[in-house]
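Q: Hi! I have a protein model open and I'm new to this. Could you walk me through it?

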Amino acid sequence: MARALSDDLRSRVLKAWTDGLSARQAAARFGVGISSAIRWIARAKIGELTPRAQGSRRVSSLDAHEAFIVGLIDERKDVTLNEMVARLADKQSVRISRSALSAWLRRHGWTFKKSPHMHWSRTVPTF
């Protein structure tokens, strides 16, 4: 499913159901899938009137070692990903790839920017 249907449509289907229509009749009236109407009504019976969040948070094995990783960065600002992967394996027994560590760092707001490159025709840095 690409995205959730509108809350307005959901509330109209639920209103039709409370007015006496069956789930199938309400689905046919508003042009939604029968299974969607049945699911909405089942959730309304337990008090869920809004759609649930789609997707799930990706859990990483590095989340438990965040303090150690931040400590590595604070200890040496120019630490490389390869060094961090090696230290994680040695000190924390965490085996992870360099690309997974890079993605984890980006998700947590850590970016390592190099200084801007010098134009090929220049011989000295321009600021």
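Predicted model: local features only at pLDDT ≥ 70, side-chain atom pairs only at ≥ 80, totals over all residues.

Q: Okay, and where does S93 lie?
A: S93 is in the loop that runs between helix 5 and helix 6. Its phi is near 60 degrees, which is a positive value in a residue other than glycine.

Q: What about V94, buried or exposed?
A: V94 is in the loop between helix 5 and helix 6. It is buried, with a relative accessible area of 8%, and the cut-off for buried is under 20%.

Q: Which residues does V94 touch?
A: Not counting residues up to four places away in sequence, V94 touches S61, L62, H65, L88 and A89. Take L62 from that list: V94 and L62 are 32 residues apart in sequence, and their C-alpha atoms are 8.0 Å apart in space.

Q: Let me zoom out. How many helices and strands does the protein have?
A: There are 6 helices and 0 strands. Reading along the sequence, you get the pattern α-α-α-α-α-α.

Q: Back to that loop, then. How do the axes of helix 5 and helix 6 cross?
A: They cross at roughly 100 degrees, and the axes come within 9 Å. That makes helix 5 roughly perpendicular to helix 6, because angles from 65 to 115 degrees count that way.

Q: Which residues make the contact?
A: Helix 5 brings L81, N82, M84, V85 and L88, while helix 6 brings R98, L101, S102 and L105. By class, the residues of this contact divide into 6 nonpolar, 2 polar and 1 charged.

Q: And helix 1 with helix 3, at what angle do they pack?
A: The angle is about 75 degrees, and the axes are 10 Å apart. Helix 1 covers residues 7-18 and helix 3 covers residues 34-45. That makes helix 1 roughly perpendicular to helix 3.

Q: Who's touching whom there?
A: On helix 1, the contact uses L9, R10, V13, L14 and W17; on helix 3, it uses A37, W40, I41, A44 and K45. That contact of helix 1 with helix 3 has 8 nonpolar, no polar and 2 charged residues.

Q: New topic: which residues of the largest nonpolar core touch the most other members?
A: Those are L62, I69, I73, M84, L88, L101 and L105, out of 13 residues in the core. Helix 4 (66-75), helix 5 (81-92) and helix 6 (98-107) are the elements that give two or more residues to this core.

Q: Last one: how much of the whole protein is buried?
A: Buried residues make up 24% of the 127 residues. As for the surface, the protein exposes about 9700 Å², with carbon and sulfur atoms supplying 53% of it.

Note on methods
Residues numbered from 1 in each chain as written. Heavy atoms only, no water. Axes fitted to C-alpha atoms, helices over the stretch in contact; angles between N-to-C directions. Helix = DSSP H or I, 4+ residues; strand = E, 2+ residues; numbered from the N terminus. Parallel < 35°, antiparallel > 145°, perpendicular 65-115°, else oblique. Contact = heavy atoms within 4.5 Å. Nonpolar A, V, L, I, M, F, W, Y, C, P; charged D, E, K, R; others polar. Core = buried A, V, L, I, M, F, W, Y, C linked by side-chain atoms within 4.5 Å. Buried < 20%, exposed > 50% of the residue type's maximum accessible area, 1.4 Å probe, protein only. Areas by Shrake-Rupley, 256 points an atom, 1.4 Å probe, with all protein chains shown as cover.
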